[in-house]
Amino acid sequence: MSNSGLEPSKWGSEHGGRLVKLIEGADLAAAVTLQYFCGDSLQVEAKADDSPVTVADRTAEAQFRKFITESFPDDSLLGEEWGEVLGSSGYRWVVDPIDGTKSFIAGVPLYSTLVALEWDGEPIAGGIWIPALREAVVASRGLGCWYRSGSQQDWKRAAVSQKSEMGESIFVTTAIDSYSQVNALAKFESIQSEAWFTRTWGDGYGYLLVATGRADAMVDPIVNPWDVAAIKPVIEEAGGRFTDWEGVATSRSSNAVGTNGRIHDRILGILR
């Protein structure tokens, strides 16, 4: 059997068993967020940059860190809420326990849990979990991109859409005002005017939609490493393209665009 047909349930010893642990750890963190989602006692605090954070963010990340560290104590680990711990193995885990905290706080079920595994500074595997919708997509370099939905535990191959015309495409993004923060509102309006329609089904959920062929382009004007480390392998293994606005295939830039690949150059032309 070729690696491209090796589904996640058979990843076994790949990367020392880390791919299986990625799925188990993401399942764990996602389940923690659901314990607080739409809860009456959820308390919200403001971080130094005035962005919101909840006990759900911190608890989910803490549980993930504990789970991974018990299995791989020499791995590095970076998370949005608890910073970075350096290891010596060459592997680094990157976790965003709740990507879309504002959606989470508002009781909107489109928030995500993002987990990535890096080797030598490059993401080699990643997963996007949508806990409240019971959807997940996971990918590893050379092993494909796989989608799981609802109560089904079986993984099915995920693939981007075949649309090649902007006028047929669905364009998703996170927040329109973020374009204004980087003086790029006109670029958003240009993409929107060419797309078939536009929605703010953003954050990690937007990239999941692209990876499963339900949307065709997702654009982020402002990102952090934990926002996109998991995204790059997911989009690429689904057959799409993931770059920054300059067209560099990286998860270490301050902005991002993920598409089905066929309309990528046109969007880059606008963003540049």
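## Charges over rings

Let's start with arginine 18, whose charged end sits over the ring of tyrosine 91, 3.8 Å from the ring's centre. Keep in mind as you look that this is a predicted model. You can find a second example at tryptophan 146: arginine 157 lies over its face, 5.0 Å from the ring centre.

## Rings that pair up

How many aromatic pairs does the structure hold? There are 13 aromatic pairs. Take tryptophan 196 and phenylalanine 197: their ring centres are 4.9 Å apart and their planes meet at 65°, so this pair is edge-to-face. The cut-off behind that label is an angle over 60 degrees. Phenylalanine 197 also pairs with tryptophan 201, again edge-to-face, with 6.3 Å from centre to centre and 85° between the planes.

Phenylalanine 197 is partly exposed, with a relative accessible area of 22%. Tryptophan 201 is also partly exposed, at 32%.

Elsewhere in the chain, ring pairs join Phe171, Tyr179, Phe188 and Trp245 into a cluster.

## The largest nonpolar core

In soluble globular proteins, nonpolar side chains tend to be buried together. Here, the largest nonpolar core has 34 residues. Which of them touch the most other members? They are Ile128, Val137, Cys145, Tyr207 and Ile231.

At least two residues each come from the strands β6 (112-119), β7, β8, β9 (144-149) and β11 (170-173), and from the helices α6 (203-211), α7 (225-228) and α8 (231-237). The largest share, six residues, belongs to α6.

## The second largest pocket

Rolling a probe the size of a water molecule over the atoms shows where empty space is left. The second largest pocket has a volume of about 200 Å³. It is lined by 14 residues, and the closest to its centre are Asp27, Trp129, Pro131, Arg134 and Arg148.

Which elements give two or more residues to this lining? They are α1 (18-36), β7 (122-130) and β8 (135-140). The largest share comes from α1, which supplies four residues. Sorted by class, the lining of this pocket has seven nonpolar, three polar and four charged residues.

Technical notes:
Residues are numbered from 1 along each chain as its sequence is written. This is a predicted model: local features need pLDDT of at least 70, side-chain atom pairs count only at pLDDT 80 or more; totals for chains, interfaces and linings use all residues. Side-chain values use heavy atoms; hydrogens and water are left out. On a 1 Å grid over the protein atoms alone, a cavity is a set of points where a 1.4 Å probe fits but cannot get out, and a pocket is an open set with protein on both sides within 12 Å along at least five of seven lines; lining residues have an atom within 4 Å of a point. Grid points are joined across faces, edges and corners, and a volume is the space filled by probe spheres set on the points. Ala, Val, Leu, Ile, Met, Phe, Trp, Tyr, Cys and Pro count as nonpolar, Asp, Glu, Lys and Arg as charged, and the others, Gly among them, as polar. Rings of Phe, Tyr and Trp (its six-membered ring) pair if their centres lie within 6.5 Å; planes under 30 degrees apart count as stacked, over 60 as edge-to-face and the rest as tilted. Buried means under 20% relative accessible area, exposed over 50%, partly exposed in between (1.4 Å probe, protein chains only). A charge sits over a ring if NZ of Lys or CZ of Arg is within 6 Å of the ring centre and within 35 degrees of the ring normal. A nonpolar core is a set of buried Ala, Val, Leu, Ile, Met, Phe, Trp, Tyr and Cys residues joined through side-chain atoms within 4.5 Å.
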